[in-house]
Each structure stands twice: as structure tokens, then as C-alpha cells.
Amino acid sequence: MRVPQKKVNPEEITPEVLAFIPEETARNYQVAPLGRTQEMLIAGMVNPDDIRAQEALKFLAKQRQLSLGVFLITPEDFELVLRRYSPFEKRVEAAVRNFNAAGRAGSAGRPVELEGGKIVAEEAPVIKLVAETLKEAVNLGASDIHFEPQQGRVRVRLRLDGELQEAASLPLAMAQPLVSRIKVLANLKIDENRVPQDGRFRALIFDREIDFRVSTFPTPSGEKAALRVLDPKVGLKQLDELGLTGHNLTLTKKAIAKPFGMILITGPTGSGKTTTLYALMQILNKVSVNIVSVEEPVEYSINGVNQSQVRPEIGYDFASGLRQILRQDPDMIMVGEIRDNETAGLAVNAALTGHIVLSTLHTNNAVGVIPRLLDMKIQPFLIPSALNLMVAQRLVLKLCDQCKKAEPAAPEILKIIREELPDYKGELNVYRAVGCPACKNKGRTGRMGLFEVLEMTPQMTEIIAGGVTDNKLLAEAKRQNMTTLRQDGLMKALQGLVGVEEVLRETTAD
């Protein structure tokens, strides 16, 4: 039977639509209700050729005196629809009930047991709860999961769009079994709970491989576990998806097209610097190019890139890793962070000897890169030849396209916009999102980068040779018509991409 395929948006499936196919039937036959018209039940099937599933759908449609329309759906979409039947809170409650029924209150310190690939019955609730939490985190696009023992309970929190939100509250008796289960997955020492441990594991969730980086930490109430969710679908992006547009995007593409030189990304922790580096590496990743990276840690695995993780505890740091990279016949080098004088010197030397070098620094803005390199004892005459581009960035919440509405800017904000963007010709409206089902009533859907990009020029070379000052660097940035972080953010706010208040909070006026 030839059936057209349909992409499913689970948020559009209402409880009334779900009621047309009972959850047990949906699970048994891998069928899902997608919608209904006045005369038709619209259903999705994972296996349209399954005769039993066909008969079950025909029976349910006939019961309601409806005709039947069928689409092919993917197993991933089917799983997402199933989750509409049982919200995360209900699945947590069921796991807690099963845990209590197993009489585990007195055995919180016992590790998870696996026998012959089968789950021991009394461990099933904990294993189920961990699995459901991981799925919920991936489904919501969370970047981190925290299992935190508190006084009298275990708090489960997810970091969504940069903010921690409580997802569940569990009995304290579940604290150690939960951490033990996570340790089993990450191949950590289950019987060691006095010192922190780090590990990682990979799981197949919604038909794609997701990496989880695990860190355990001893506290007076028990071990805390933090998991970083490394979903390639979320973390590996193209440059234009990050928020690099217009002149900033043109300068960046121009810099990575050069045969050698450094591109340095700067900003505070959590501003998306590593994501930008990965986007640049994907552009440069070709069969004819040998790309080698040294990172702490390796966030995402990129096919075709030779990635290495530093291990300071055994003396393998950025500096020693960079020395080894230079013996690997690289064309392009990525260094996770330049944090000391030795690494800075090696990176500059690599750029001067014919390599493209990508790395990050901690400075407040793009013009701060050159003073920072000078502080790291880089000779001034080396910087113009080694450095191609300086990029500063921040992350702000992106407004929901479905519920954002334009409104006139308040007088004080209007004044700032006119000062920062004197040549702006469009309407001076800002946008606010009130929340809707598409964004789960949050008013936002992910985050977007704000950028400022400064390139090395002959005029910049003269400034470095004559003695660097902040005023000279800012004057050169102005001569280049550099878009500052605040200006980039205000333009995106006027376009309805981000909220103006957050832009002003995350950026400063020069």
C-alpha cells in the first residue's frame, strides 16, 4: 500500500484528537491520531502494510462513523505523539509509585544491577525514570540535566534557553539509585562517592544518537549528577543560523577563505563561542584538508575532523596538545581556548607558519583581543601577520514567531535606538511575545547570537606598531563601520527577532 508521508507537529494534536485512538492501541499497533475533519479521522502509521494495524484503525473510525485517512510517519514522530498521552509529570509519578512499591526505601546505596542484558525487576523504576528524563530533556531542547539531592527530596532541573527550571521532585531515597544508574551508563565507579567523577555515554533517542557528558559531585545530602546534553541537531549549526548576518557574515567568510591566520572568538562563558568554532570547522571540513583540534572537552564529534581532548591531570594541556598537533601535518588547527602565554605563543607561531588557527579568548569585546594578546607577551610586530579576524558574541533569547507582536518603543528605548542607529531608516517598533502553544507559553524559541566583527587592516597594523590604546582601537573600529554588539542586537530587536530589553541588559554602550 503506497501511503504519503507526513511530518508531525505533536503540539497540534489536542487531547480531543488523542481520544480517538486509546494509548494502548496506539502502542500495540504503532499508530497515532493526527487530526480529524468533520467526516474523517486522520491517522499516522509507522508500518502502513501491517494488516492488523489497518483493521484496528478501520474499526475505530467505523465506531465514530468516520472515514479514514492514513499517512506514513517516522518512528521518531510516533514516539513524540506517544509522549502527548503521558506528560513527563505523569511518567515521573508512575516511576516513583513503582519504586515505592518495590520497597526500596532502605536500600538507596545499592547500585543498579544488570543480568544477562535484562533489567532486574526492582531496578526498573529507576532505569525507566532516568531514561524518561533523558528523553524529556532532548524533546525540550535542554542543554543540561541536574539531579540534585536536597534536604528531604531529589530535585531534577533542566536548563532551557540558558535558564534552569525544575522538572520534577523525587523522594530522597531515590537519590543514590539514580546516580548509580547514571554511573553505570557512563562507566564510572559505582562504589566511589567521595570524589567527583567525569564520564560520558551515547544513547539512541528519537532515532538519533545523543551524547551525554556526566559529572558527579559529592554533597552533604548525597551525590549530585549533572549531565550536558550534546545533541548534534541543536549544537551543530551553520553560520547564518547562529545570527551572523550582513557585513559580519561577509567578513567572517572572507577570513576563513584565507590560506592561514588566526580567527579568535571572544565572549564570556556560555556565550556560544564553541558553537561558532564548530560552525567554522564544518565549512572548512573537506577531504583535502587535515583539521586537528584540541578541546576541553570534545563537545560534538564531527566526521572528518581529528579531535583530541586535553587531560591536565596527566600533563596533556592545550600547550602540549598544540605542540603535538603541529607534528600531525595539519592544515587547520582548532584550540578550545587560549588561556596562558605558552598556548598563545604556540598559536601565533602556528598561524605564522601557514596554518588556519581557530580559538577563543575571554575579553569583553572584539577590540579587547589585541590588548589581551599583548598581555600574554606576544610581540607586537607578530600580531598583524598572525591575526585575521576578531569576533565578539553574546547569546539572547529568540522571540516566538507565532505570538510576537509589534509595539511602539518606549521613549527611553527610542532615545537609545536613535543614538546607536542614527542611520536606521525602518519603523522604530519593538516586539513582545506573549506566549502561545507553539512556544509552550514561554514567548521564546531558542537563542540567537549577537556579534561584532573586527578585521586586521593596514591601519590596525600602524596602531599596533605605534602603541596600542583603547581610543585608537575604537577609532579604527568606527572607521571600519564595525557593528557593535549593542547595535547588532538593536537591529535584530527592530526586526522582531529578539527582545529589546534583553539586548540592552546583555550589552553595554561604548
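**Strand pairing and nonpolar cores**

Strands here are DSSP E runs of at least two residues, helices are H or I runs of at least four, and both are numbered from the N terminus. Residues are numbered from 1 along each chain as its sequence is written. As this is a predicted model, local features need pLDDT of at least 70 and side-chain atom pairs count only at pLDDT 80 or more, while totals for chains, interfaces and linings use all residues; side-chain values use heavy atoms, with hydrogens and water left out.

Six of the seven β6 residues are buried, so the strand is largely enclosed by the rest of the structure. Buried means under 20% relative accessible area, exposed over 50%, and partly exposed in between (1.4 Å probe, protein chains only).

Further along, seven strands make up an open sheet with mixed pairing, in the order β14-β13-β15-β16-β12-β17-β20. Its edges are β14 (306-309) and β20 (444-455), each pairing on one side only, and the twist averages 20° from one strand to the next. Within the sheet, β15 (residues 332-335) and β16 (residues 356-361) run parallel and share four bridges, with Ile333 opposite Val357. Helix α11 (residues 273-284) packs on this sheet, touching strands that include β12 (261-266) and β13 (291-295), and its direction makes about 170° with that of β16. Angles run from 0 to 180 degrees between N-to-C directions, with axes fitted as lines to C-alpha atoms, for helices over the stretch in contact.

What about the cores? A nonpolar core is a set of buried Ala, Val, Leu, Ile, Met, Phe, Trp, Tyr and Cys residues joined through side-chain atoms within 4.5 Å. The largest holds 57 residues, of which Met262, Leu387 and Met390 touch the most other members. Helix α13 (residues 341-352) supplies the largest share of this core, six residues. Leaving aside neighbours within four places in sequence, Met390 is in contact (heavy atoms within 4.5 Å) with residues including Leu264, Ile370, Val453 and Met460. Apart from this core lies another, of 39 residues, among them Leu158, Leu170, Ile182 and Phe201.

Key:
Two strands pair if DSSP finds at least two bridges between them.
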